Amino acid sequence: MPVRIYDIAKKLGITNKEVIARAKDLGITNARVPSSSLDKITAEYLEQQIAGPPESEVVSATAETPADEGIVIVTAPEEEPAAETSAETVAADQSETAEATALTPAEATASGTAEADATTDSDAGEDHASDSVVAETANDLKPDELGLGAKVGFIHLPKGMQGRSRADGKGRDKQNSGRKGHRKDPRGSTDAHKTTLSTEESISQPARPKPKYVAPLDAKLLSLKQPIIVRDLAKVLNRKPFQLIADLMELNVFATVNQAIDEFTAKQICAKHGFRFEIEKREKGAGVTRQLDTVDLDVDDKEGDLITRPPVVTIMGHVDHGKTTLLDVIRKSNVVSGEAGGITQHIGAYTIHFPHPERSSELQQITFLDTPGHAAFSAMRARGANITDLVILVVAANDGVKPQTIEALNHAKAARVPIIVGVNKIDLPSASPLNTRQQLQDYGLVCEEWGGDTIFVDVSALKVKGIDTLLEMVLLQSEVLELQANPNRPAVGNVIESGMQQGGPIATVLVRKGTLKIGDAMLCGFNWGRIKALINEDGKRLKRAGPSVAVRVLGLNGAPEAGLEFNILPNEKQARKLAEERAQQTRQEIAERRNAVTLENLFDTLSSDSVKTLKVVVKADTQGSVEAIVDSLKKIDSKKVNLEVIHNGVGSLTESDVMLASASNAVVIGFHTRLDTGVSEIAKRESVQIKLYSIIYELIDEIREAMAGLLDPVTKDSINGIAEIRKIFGISKGGQVAGCVISQGKFERGKARVYRDGNMIYEGATQSLRRFQDEVNEVRSGMECGIRLDHFNDFKEGDTIESYSLEEVAQEL
């Protein structure tokens, strides 16, 4: 039953502080506060030490001891021969007897010597390493020689037994622990004449059980700092914690993964697994401050480690131009799947295998990204992550180029990605592939037949015509691009889409380089976690995913944003730390985002030596309005500022327009149009300014002012007021004060100039401006005042003092 410190203090009639202090002296570490509890054995021992006699009185045997051998306070040795123990015990008992019977030091020493010799002779044939206990009594002593505290016997303990015995004898409350002053003589002598004496006998512990496992001498040495935690030991042994818990149970040790074990038990566990173990020790003063581990999220690959990787293709185009149908047909052309429908689970990305056009026996892998509305494509490029290698631009042959076609084309051009044009619906009677080529030529896409470098393929997704040719062109173009990646490294890639499902957060990711494996610690933006499962487009679980492979990932603590890059770190601890640091940094950057590009502060965001360019995205209600606005903007003539319309179109302002403007640091201009649902929130989050107009002249004027705002402002002087000096006054502290009358304007405290006969003789600042005895900031026209200037006292009557300020004025085009 546990005993509290305050119970002991109450029982002994002393204060709690005295009990705690005494416990600390005795090495009882868990006695910290009055409410601390001790086990019954420790409490009894503490009570005995407090209520018992004071510290040992050491008697010096100087009668027959050389003068240079003084009294030395020693402690009980941990392991020592029984003969030595016997001699010291006899000497200690002799000291007690000498004290009790008031023997002289010489008599005490002589008696102790004889008794020690007798004990040594009687123990000569004993085996001190055995477990037997031999009792010896002092029956040869006469009754009149036995006094208070006289020795009547002693016990031989097996070798290796230390500390307090845990035997369940009833006489243990009479035993006292070894004092701090009882230790082995530094010379190692067993002679009673050379052994210092103590009034208390040392109490021994039971011997450590015989080791169950013994490690080979040539086994690998493992070391850990104390405390030895089960989890840390399992990590060093490269074992699971539950395996070590089972091993501990075999040794009758019950501990959890977060609990500590002693050194002996740790040695047993390591020996069972074929290792040697020791406590990691460090010399005093040799501690080294631990340096923070630096983590390289991405490193450059060596040329020899790169191998060819499959291409990543994005299909884009206007709605109702057959993009979805073309995707379905391509899925069915997967020769590995072999089933109609190909994919059983749509995850925004999928992989097919198609025969190489020149090597028909070789199957080539192609990964397609499905980005409806170009949202993910825009988000990825806005964050600097262009993960696609090719873009297939789908254009209907009967409909030609449409607004979303131009929008997709602008996205691909901004990302600098090669474009393959798929002219769809060629099976219709009204189809005109030639007209489509002519329209796209106006936007910079010239087909190879006409001397350009853009591949055009006529297809019919409905009739399944030209699909194989399109895929062959994709494979040939990927060979020209020489796409390579290193699979033997931690994976790096991007998030295509993410969401929440019943199993928790799930993210579809595309691996750009390296290999993604189950168990990897992933960091993605503010989210982190250990990968629990990898699922492909068929719903099958994978153990790993190589370069250009898209998979679903389970295990993150949240759903990351589309387009974010993910990295693999050595452990979850580092991933969590970096994720928290990123979150903190993002919170600090919110204020900076609010100061992004606007029409009013454009000149503040660009340095004076940078190229002055204003980028805009224009959307209007009709095509005629768009053409009129673009033409009017291009007519703004300026040699100092360039105006770039990165995209224009018809319709409402969409999320894609905002993401395009965010990626290009542009301003969105809307004319007689509206915003789609949620666009305003996205623009606020991305710090993109949206300007809506209903009068075209206001639009042109504000754009002109914004272009002028890009120019460096011009500094001009603005005269506030003029003062005439009428009289000059000297002051006791030195210097002069000009007594003035304000003749023009308003004289303000600040920058000032002094003119004499029309020539400026001083330019500086106003030190003091007073009206009567009051210090003022300004004096109006017609009033009198006293003026002092910094480092200028050469005033003359008739001089004029001019107050002015500097203003920055925007330049005009």
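Gly 529 stands opposite Leu 556 in strand β24. This is a predicted model, in which local features need pLDDT of at least 70 and side-chain atom pairs count only at pLDDT 80 or more, while totals for chains, interfaces and linings use all residues. Residues are numbered from 1 along each chain as its sequence is written, and side-chain values use heavy atoms, with hydrogens and water left out. Helices (H or I, at least four residues) and strands (E, at least two) are DSSP runs, numbered from the N terminus.

**Strand β24**
- Five of the seven residues of β24 (residues 550-556) are buried, so the strand is largely enclosed by the rest of the structure; buried means under 20% relative accessible area, with a 1.4 Å probe and protein chains only.
- Strand β21 (residues 527-535) runs antiparallel to β24 and is joined to it by four bridges; strands pair if DSSP finds at least two bridges between them.
- Strand β18 (residues 504-513) is also antiparallel to β24, with five bridges, and Thr 508 has Arg 552 as its bridge partner in β24.

**Helix α7**
- Leu 244, Asp 247 and Leu 248 are buried in α7 (residues 241-250).
- These buried residues fall within an arc of 100° seen down the axis, so they line one face of the helix; the arc is that of the directions from the helix axis to the C-beta atoms.
- Asn 252, which follows α7, has a positive phi, near 60°.

**Helices α17 and α18**
- Helix α17 (residues 655-664) packs against helix α18 (residues 679-686) at an angle of about 10°, with the axes 9 Å apart; axes are lines fitted to C-alpha atoms over the stretch in contact, and angles run from 0 to 180 degrees between N-to-C directions.
- α17 and α18 are therefore roughly parallel to each other (angles under 35 degrees).

Technical notes. Buried < 20%, exposed > 50% of the residue type's maximum accessible area, 1.4 Å probe, protein only. Parallel < 35°, antiparallel > 145°, perpendicular 65-115°, else oblique.
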